[in-house]
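Biologist: I am new to this structure. Please take me through the nonpolar core and its surroundings.

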Amino acid sequence: MSAETSDLTKVDSAISGLSSSPPTEKKGHRRASSSAAGVYNVNDLEKEGKELQIAKETQKLNWKLNTSPATLDDKEALKKFLTTPPVKKIDLHFPLGLEVTARNLKGVTIKDALDAIHKQFKKKADDELELPVLAGFEWDKEESWTRLIVHQKKEGAPSSSGGKKKDKKKETYDE
């Protein structure tokens, strides 16, 4: 019976030794390698006082919040970083209080931001959204360094020249 208990204590000590040390080493190593060089944490930028510039392409997209970003014609704009310098994550704040977070360890792109927004609005119908089109983003360092304000508008710019011709006809009838 004494041999049986000594075996048990050996097994117990072996299990406790294995379970505590290796996993912590792996986690620490994995996290260090997952972020890309030149991509910052937005909190670090605030401490250093580095200012963010937002990509101007976001203002020209005329993207409806409830449609997939994949439907946009300008595929090259989606690949560009949302901010300069690139950040790992950024909060996107809507005027009515909704806040979504765009994340990408290699740097948040315009597509990452649109995906985060789309996830919130994809189940909404067009008539449910008061301002369904993205007008652009604004960074107000006085309000919050780590957050971009999302601007919306009623409708996008006319995509076809046919809409412009109709407007001209209406003007001639009015005169």
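Modeller: Start with a term: contact means heavy atoms within 4.5 Å. This is a predicted model, where local features need pLDDT of at least 70, side-chain atom pairs count only at pLDDT 80 or more, and totals for chains, interfaces and linings use all residues. Residues are numbered from 1 along each chain as its sequence is written, and side-chain values use heavy atoms, with hydrogens and water left out.

Now the core. A nonpolar core is a set of buried Ala, Val, Leu, Ile, Met, Phe, Trp, Tyr and Cys residues joined through side-chain atoms within 4.5 Å. Buried means under 20% relative accessible area, exposed over 50%, partly exposed in between (1.4 Å probe, protein chains only). The largest such core has 31 residues. W63, L82, I90, L92, L114, I117 and F137 have the most contacts inside it. Helix 5 gives this core its largest share, six residues.

Take I90. Beyond four places in sequence, its contacts include V42, L52, L82, V100 and L148.

Next, T109. It lies in the loop between strand 4 and helix 5. T109 counts as buried because its relative accessibility is 12%. Leaving out residues up to four places away in sequence, T109 touches L78, K79, K80, F81 and L82.

Last, confidence. pLDDT is the predictor's confidence in each residue, from 0 to 100. The chain averages 78.

Notes: Helices (H or I, at least four residues) and strands (E, at least two) are DSSP runs, numbered from the N terminus.
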